[in-house]
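Subject: Handover of a structure

Dear colleague,

Please find the structure below, together with its sequence.

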Number of protein chains: 4
Amino acid sequence: MHKTEHTRPVTIAYVGGGSLNWATKLMGDLAQDGTVPATVRLYDLDHAAAERNARIGTRYAARSDTGAPVTYTAECTLEAALRGADIVIISILPGSFEDMANDIAIPERYRIRQSVGDTVGPGGFVRAMRAIPMIAEIGRAIARYCPEAYVCNLTNPMSVLTGTLYAVFPEIRAWGSCHEVIKTRKIMAYLANRRAGEVLYGYRDAKVNVLGINHFTFVDRAAVGGVNMMPAYLDFAKEHHANGWRESPLDPANEHDRYFTDSFRVKFDLSRRFGIAAAAGDRHLVEFLPQCWYLDDHAVWKFGLTPVEFRMRERQEKVNCADALDKGAELPPARASDEAIVEQIKALMGGPEHVSNVNLPNRGQFAGFEEGTIVETNARFSPLGIQPIVAGRLPKGLELLARPHADRQNALVAAVLCDDVDALLPLFVSDPLVAALPQNKATRLFREMVTATQHRLPETLAKAGGVA
Amino acid sequence: MHKTEHTRPVTIAYVGGGSLNWATKLMGDLAQDGTVPATVRLYDLDHAAAERNARIGTRYAARSDTGAPVTYTAECTLEAALRGADIVIISILPGSFEDMANDIAIPERYRIRQSVGDTVGPGGFVRAMRAIPMIAEIGRAIARYCPEAYVCNLTNPMSVLTGTLYAVFPEIRAWGSCHEVIKTRKIMAYLANRRAGEVLYGYRDAKVNVLGINHFTFVDRAAVGGVNMMPAYLDFAKEHHANGWRESPLDPANEHDRYFTDSFRVKFDLSRRFGIAAAAGDRHLVEFLPQCWYLDDHAVWKFGLTPVEFRMRERQEKVNCADALDKGAELPPARASDEAIVEQIKALMGGPEHVSNVNLPNRGQFAGFEEGTIVETNARFSPLGIQPIVAGRLPKGLELLARPHADRQNALVAAVLCDDVDALLPLFVSDPLVAALPQNKATRLFREMVTATQHRLPETLAKAGGVA
Amino acid sequence: MHKTEHTRPVTIAYVGGGSLNWATKLMGDLAQDGTVPATVRLYDLDHAAAERNARIGTRYAARSDTGAPVTYTAECTLEAALRGADIVIISILPGSFEDMANDIAIPERYRIRQSVGDTVGPGGFVRAMRAIPMIAEIGRAIARYCPEAYVCNLTNPMSVLTGTLYAVFPEIRAWGSCHEVIKTRKIMAYLANRRAGEVLYGYRDAKVNVLGINHFTFVDRAAVGGVNMMPAYLDFAKEHHANGWRESPLDPANEHDRYFTDSFRVKFDLSRRFGIAAAAGDRHLVEFLPQCWYLDDHAVWKFGLTPVEFRMRERQEKVNCADALDKGAELPPARASDEAIVEQIKALMGGPEHVSNVNLPNRGQFAGFEEGTIVETNARFSPLGIQPIVAGRLPKGLELLARPHADRQNALVAAVLCDDVDALLPLFVSDPLVAALPQNKATRLFREMVTATQHRLPETLAKAGGVA
Amino acid sequence: MHKTEHTRPVTIAYVGGGSLNWATKLMGDLAQDGTVPATVRLYDLDHAAAERNARIGTRYAARSDTGAPVTYTAECTLEAALRGADIVIISILPGSFEDMANDIAIPERYRIRQSVGDTVGPGGFVRAMRAIPMIAEIGRAIARYCPEAYVCNLTNPMSVLTGTLYAVFPEIRAWGSCHEVIKTRKIMAYLANRRAGEVLYGYRDAKVNVLGINHFTFVDRAAVGGVNMMPAYLDFAKEHHANGWRESPLDPANEHDRYFTDSFRVKFDLSRRFGIAAAAGDRHLVEFLPQCWYLDDHAVWKFGLTPVEFRMRERQEKVNCADALDKGAELPPARASDEAIVEQIKALMGGPEHVSNVNLPNRGQFAGFEEGTIVETNARFSPLGIQPIVAGRLPKGLELLARPHADRQNALVAAVLCDDVDALLPLFVSDPLVAALPQNKATRLFREMVTATQHRLPETLAKAGGVA
């Protein structure tokens with residue numbers, strides 16, 4: 001690194017710091033990178049989990065004795081974590097796995113299938129109702145204790161929750177970070193390597209112009225090694241759309257893969273039909289579209305539905321693993337994750353500039369979407385801040401499918417923050433997954449779902465369970 | 001009438017002047033009004049029909065010997081009709097009734113029911129593909145022969161075709177006129193009279209603020225006699241939404257009524273759910289919404305599906321009737337129709353000012369819809385021209401349902417005028433009535449419909465029938 | 001009047017109800033009209049003046065024994081005046097005549113001449129600094145005591161103060177009313193009568209499309225009796241621009257006329273140069289333009305500068321006159337004033353619809369100006385509320401001159417309401433009248449003016465007098 | 001350079017390829033860089049000059065025998081230069097130095113001083129009238145012969161001419177490149193070095209957020225080595241605004257410096273008053289502002305007025321120098337210029353990404369300016385194209401000064417391209433330098449200037465010299 005591009009010492013507040021997933025990736029990446037002198041304050045409602053992560057983090061930090069020093073603490077209050085922080089990371093679980101199970105199971109009784117259930121559709125909607133008030137509280141605390149901090153939100157539904165942060169504190173410097181698009185960058189690199197006859201490129205060499213909203217993202221320009229990859233990609237999509245494609249075959253014994261990966265059939269089908277690359281994972285893309293397009297035949301389209309029951313088992317394994325690490329088990333081998341967050345932090349603090357696709361309010365970067373809507377495009381991370389890069393506009397056929405979701409998300413945030421309970425049902429029924437129900441059934445579904453989660457809702461919102 | 005508000009002599013070019021419907025209303029209204037000295041030039045591809053109407057019009061004109069003189073001629077060319085005209089009226093049939101029958105019947109085989117089939121949905125889409133090139137030709141002729149004329153479009157799909165006129169000749173002074181909203185003004189007057197205990201008001205006394213797109217229109221403010229009628233209306237809607245309401249019972253023997261009227265159940269249900277009045281007829285409203293909301297159960301919701309076969313019979317009766325009039329049968333009694341067109345013409349020419357809801361490009365009158373989109377709001381007709389009145393914004397839940405239709409219509413006009421055949425299918429499949437089909441079926445439906453009407457399409461568009 | 005267009009009884013709160021000018025016009029107009037059953041509550045910091053007006057008003061009301069009853073009361077508190085009012089009229093004096101004299105005299109020492117000094121220029125700017133906090137307080141009281149009321153602002157600077165009302169209470173139903181444009185409507189009627197060879201038309205028969213900002217307004221379409229008057233007007237302007245024109249010659253003995261009327265030279269010169277009619281009075285138009293265009297040679301351009309000393313004498317006469325009326329002197333003969341306010345109130349309450357040019361936030365009616373800017377265009381008054389009518393766009397050359405004033409007004413309101421004292425000087429120096437000073441002199445001028453009026457300013461703003 | 005970031009071979013068409021200034025910088029930079037395999041086609045109306053440059057270029061290319069090969073040709077037609085080019089560079093002289101002398105001298109007789117006279121003010125306006133038709137012709141040729149090429153415009157007035165390219169060919173991939181802002185980046189680096197006590201940084205290490213229009217640019221965020229430099233800069237400006245500052249003292253014997261450099265007094269004065277850094281050179285900034293602000297006292301403000309007579313002498317020297325090089329004189333030593341163009345080309349062709357401030361149509365990157373206006377902000381150069389980076393908004397006080405210039409430039413391009421001669425004078429008189437003239441004088445000035453240059457204008461525009 002050029003001597004003029006060093007990283008200043010940085011204080012990171014991690015809200016949801018007992019996390020078994022993101023927090024450990026951060027610990028690993030900081031250790032692996034070794035150039036960021038950081039103090040990481042972990043805060044979690046489950047304080048013991050934060051403490052465990054602090055201990056594990058300290059072990060990670062110790063591994064890299066030549067790198068910049070990183071220290072971990074578990075904080076007892078949100079204020080203690082936030083006050084004076086340079087960076088805030090938000091990665092919380094809005095509700096329990098039982099809530100998440102309900103988000104999937106209740107709609108299923110109305111024949112609405114959801115592959116993930118955390119973004120749009122009935123599951124995403126009700127999850128948002130739970131999460132918006134929680135995130136709003138965090139946003140207000142940031143306004144109070146560290147208004148100048150950069151804030152990275154990792155929590156889903158990402159658009160809705162990043163929008164909530166801006167709604168309660170418009171000057172916040174927040175972005176939403178999601179790595180879904182890496183899949184598409186990988187395939188671009190793959191195609192470039194195939195053409196070159198040797199492995200020259202990794203996904204970081206694939207430059208892509210991202211446009212869309214989180215989990216419903218597209219790529220209309222791509223280049224690897226200075227070469228336009230869109231023609232090659234579209235040919236490849238045409239060639240493989242009928243059977244799908246995987247770099248390595250699906251191992252039927254690997255439950256995680258079965259539930260979390262896909263075979264590019266949906267991405268290729270959409271790419272072929274709309275003329276640009278669909279970028280997010282198939283499991284996410286399909287939830288934005290009418291049930292009968294893909295979800296009804298998920299086996300044919302070769303993507304998995306993620307059972308919450310599996311998530312619960314997986315979580316237990318992670319808990320066990322964390323406990324083991326805490327008790328001295330060997331740390332996993334040093335390897336950077338695919339997450340961009342450490343690179344983003346470094347760029348903000350004076351390290352090498354970084355461009356990646358993130359979720360930000362529309363300030364002009366995405367034509368066709370309302371000002372202020374949370375949209376996903378590339379942004380430049382530098383000491384000047386996080387600046388969106390103008391991305392252009394979706395083809396009309398895709399804009400027609402994407403924009404109502406964005407408008408609904410805006411309206412949902414506004415309705416929850418204003419306690420406008422009456423506005424919720426009309427928004428709920430207009431989601432394409434719900435729109436396929438007769439109105440009386442859609443109303444019943446909404447009330448059932450709200451009732452099931454009402455203990456997690458502010459009193460006013462909980463009333464929506466019984467609105468006529 | 002105040003002496004200072006007289007109407008100047010006016011030359012009216014009527015394109016589609018052989019019409020059995022609108023043209024005769026105009027003749028009757030001009031005779032009934034008696035204050036507009038007019039020369040009406042009828043032009044029709046079916047010249048004999050224009051000539052017949054010219055003769056019938058002359059009879060109407062003769063009836064009013066004290067009123068301003070009106071003369072009728074049948075013109076052989078579009079140019080002869082348009083050159084120097086002050087007003088142009090466009091009322092054409094885009095294709096034959098056989099085409100219209102296909103627009104309904106083919107989707108029906110895919111279980112897509114349409115109550116009218118001339119606005120949105122698969123029927124409206126393919127009708128638009130036929131009509132846009134026809135109207136574009138008329139628009140270009142207006143630009144050439146009478147660029148200063150005021151142009152009233154009466155042809156459906158109204159938004160799309162009014163948009164086509166502006167696309168080919170941006171300076172055109174065109175508006176789209178549609179009387180659907182009168183139903184809602186009538187019910188407002190009815191409720192005011194009921195409260196007064198006597199019949200004080202007619203629909204012209206009901207002032208309403210209209211917002212929407214043609215056939216999917218809403219009213220968020222209404223006043224009769226200076227009194228806000230929205231609360232009374234919403235109460236009435238709540239009271240009657242379960243069973244519907246008709247001022248006079250439906251006569252089962254009256255086929256026309258059965259197929260063209262409704263029982264306000266859809267309007268009341270939407271009003272109740274979204275908090276403002278749904279203004280267009282139920283048969284039109286339902287086509288903008290998912291099949292399962294109303295169309296699947298049209299009998300339960302008490303609105304008729306209009307059989308094209310009935311339209312054919314009805315047309316034959318009208319032809320017979322016109323022939324009879326032509327041969328000397330007694331003219332119908334003098335009575336103004338519900339159409340506003342004569343009032344609109346008078347206001348433009350210096351008569352009393354007139355405000356009514358019409359279809360115009362969005363120049364700021366309708367928030368939430370893209371600039372230039374054809375929207376339906378009130379406008380002021382005066383010698384200063386046709387000026388839209390700022391209408392405000394729909395509740396979010398309705399905007400979510402309406403705006404994608406408007407965006408699709410804009411994109412459809414652009415695609416047809418640029419011969420961008422590949423853009424059509426992605427637009428077609430995103431219509432809510434079509435979105436309920438798996439994509440392979442939707443594609444098949446599109447190709448079948450295009451093939452069925454390909455003899456009416458320009459060569460480039462006809463290719464869409466066989467596009468992969 | 002049609003029985004269905006009656007006016008409901010109306011409660012009017014008049015803030016500044018001791019006014020010697022507007023309040024008496026209202027009393028006269030209500031009496032003359034005779035159809036509005038009204039309760040008028042007069043509120044004024046000078047309570048005795050409000051009481052006097054209440055007594056005089058009662059005499060007016062008594063005159064019309066057949067008309068609708070009007071009653072007048074003087075209220076002791078703003079709350080008592082506002083609570084439950086249907087209509088609020090705001091007509092206050094922001095500061096004393098001494099303040100106004102300073103607004104003119106101090107800039108004059110820097111060779112900046114102002115003909116009025118209450119709208120833009122240094123005088124308008126500092127007057128706005130005094131008035132914004134006063135109007136903000138009234139706006140907040142309206143939000144509290146009568147949020148549903150229609151609010152007519154008559155106070156200058158009109159754009160800035162109407163903008164202040166919307167800034168503190170965005171849901172307010174306020175408009176700014178100003179009769180400047182009547183002069184242009186009168187000339188349009190004059191030209192139509194001249195052509196007709198007889199007096200057929202009054203200014204109310206002249207329909208004009210107004211666009212601009214208050215006191216810098218233009219007319220790009222005009223019709224009388226259905227005939228387009230723009231060509232005749234532009235010819236007339238060309239014919240008379242060199243010498244000006246007055247319907248009746250200026251009586252040099254009439255001081256008021258000398259100081260308040262003009263000879264149309266500026267209007268005609270601007271009309272000739274920009275191709276549309278300049279509509280406001282010459283004295284107002286010139287203040288928006290560089291000093292050397294007209295103000296430097298006001299005698300050549302034949303418009304008066306209004307001496308504040310004359311205003312003071314005139315005011316004393318009005319006080320004397322009011323005292324006399326209060327003591328029983330004969331009321332002036334019944335004659336409607338040129339003010340539209342009674343017609344506007346009637347239209348809102350259910351009387352005949354009314355269209356006139358008023359000041360409203362830009363909701364789309366005026367292209368080229370920022371959303372929310374207070375602009376002057378026609379609006380429709382009806383029981384549906386006050387709805388702006390889409391007016392189009394100024395020719396570019398005029399937009400370039402007008403828009404920076406509007407942007408400055410927006411920024412000024414925002415800066416005063418946020419106590420952003422540092423933002424004031426940069427705004428002040430960019431006004432074309434001030435921009436002609438070197439920056440050190442402009443800064444001195446600003447501080448002198450602020451210091452002179454600091455006793456009328458909130459403490460924070462007063463600091464601007466000493467800002468480096 | 002990473003092997004994956006190589007530059008593809010590139011064909012560069014240089015329009016104005018006989019240039020003595022920019023073209024030689026390009027030759028030097030390509031030789032110095034050594035990584036871009038390029039074919040450079042020089043085209044110039046003065047074909048001999050293009051041939052001379054081709055020969056000189058070949059000498060430069062020969063110097064670097066290890067670098068990528070660069071070849072130079074002189075082309076006889078614009079078509080031959082453009083056909084199939086990857087990159088087009090436009091650097092022409094709109095008119096002769098005699099025209100430029102008139103642009104300065106005629107206004108001077110009206111007491112309007114201009115320091116440069118090529119951007120705004122009367123000189124910039126008339127220069128634009130000459131140049132727009134020339135650039136329009138080049139733009140249409142690009143549309144025809146190399147529509148996919150990236151096009152770099154180096155010709156002034158830059159905003160107007162870049163806007164002309166987009167007006168005649170909306171799909172063009174053009175940007176306007178100008179190095180004015182480097183001065184501000186240098187001072188940021190200087191301040192960072194001063195603080196560090198050693199020379200760590202060059203201007204390339206200074207990251208700045210640029211906003212404005214060409215030659216009236218500002219910087220509201222700056223960082224060197226990850227440290228926010230705005231506070232240090234504003235302190236420095238405050239400290240030195242009274243006397244100015246130069247890194248090295250002005251050598252009075254150096255005529256070029258005397259006429260082309262400044263002492264930062266204007267930049268510092270503006271920075272101090274508006275709170276952000278003024279970024280362009282003083283000589284340019286002052287022309288956007290009223291005469292009395294700075295131009296009237298240029299000696300006091302310590303910036304030079306550039307005499308055209310000096311430009312002529314300087315040009316002759318450059319011709320002599322080129323002739324000498326052509327005859328074998330030693331090439332100047334290898335050293336990269338401050339121009340970013342080679343870095344920009346490399347980034348577009350697959351080399352390292354590059355961010356710099358360039359002139360592009362506003363697609364959302366600059367709030368407060370109309371869509372499509374040519375604005376100057378940072379943009380990302382990569383194989384994905386030239387993508388503007390969202391820059392935010394100017395403080396209101398500056399926006400008020402800048403936006404009318406941008407609006408005037410837009411209107412000027414439209415008027416010239418539509419031959420709307422009548423629109424020109426109203427635009428001309430609204431420029432702040434002209435606005436200080438009474439209108440009859442302003443009109444005379446306009447006609448004199450147009451008449452003086454009429455031999456360079458299309459016939460229609462030349463008429464403006466005699467418009468009433």
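**Strand 8 of chain B and its partners**

In this predicted model, strand 8 of chain B is joined by 2 bridges to strand 10 (residues 277–278) of chain B, and the two run antiparallel. Within this pairing, Phe218(B) stands opposite Ala278(B) of strand 10.

Strand 8 of chain B also pairs with strand 7 of chain B, again in an antiparallel arrangement, through 8 bridges. Here Phe218(B) of strand 8 has Leu211(B) opposite it. The hairpin formed by strand 7 and strand 8 of chain B has 2 residues between the strands, and His215(B) adopts a positive phi near 75° there.

A further antiparallel partner is strand 9 (residues 227–228) of chain B, which 2 bridges join to strand 8 of chain B. In this case Ala223(B) faces Asn228(B) of strand 9, the two standing opposite each other. The hairpin of strand 8 and strand 9 of chain B likewise has 2 residues between the strands, with Gly225(B) at a positive phi near 55°.

Is strand 8 of chain B largely enclosed by the rest of the structure, or is it open? Since a residue is counted as buried when 20 or more other C-beta atoms lie within 10 Å of its own, and 9 of the 9 residues of strand 8 of chain B are buried, the strand is largely enclosed by the rest of the structure.

**Contacts between chains**

Strand 8 of chain B also has a part in the contact between chain B and chain C. This contact takes 30 residues from chain B and 28 residues from chain C. On the side of chain B that touches chain C, the elements giving two or more residues are strand 7 (206–213), strand 8 (216–224), strand 12 (374–382) and strand 13 (385–388) of chain B. Strand 13 of chain B supplies the largest share of that side, 3 residues. By class, that side of chain B has 11 nonpolar, 12 polar and 7 charged residues.

Two other pairs of chains do not touch. The nearest C-alpha atoms of chain A and chain C are 13 Å apart, and those of chain B and chain D are 13 Å apart.

**Relation between copies**

The same surface serves both copies, as 100% of the contact residues of chain C recur in chain D.

With kind regards

Note on methods
Residues are numbered from 1 along each chain as its sequence is written. Chains are lettered from A and ligands numbered from 1 in the order in which they are written. This is a predicted model: local features need pLDDT of at least 70, side-chain atom pairs count only at pLDDT 80 or more; totals for chains, interfaces and linings use all residues. Two residues are in contact if their C-beta atoms, placed from the backbone, lie within 7 Å. Helices (H or I, at least four residues) and strands (E, at least two) are DSSP runs, numbered from the N terminus. Ala, Val, Leu, Ile, Met, Phe, Trp, Tyr, Cys and Pro count as nonpolar, Asp, Glu, Lys and Arg as charged, and the others, Gly among them, as polar. A residue is buried if 20 or more other C-beta atoms lie within 10 Å of its own, exposed if 12 or fewer, and partly exposed in between; C-beta atoms are placed from the backbone. Two strands pair if DSSP finds at least two bridges between them.
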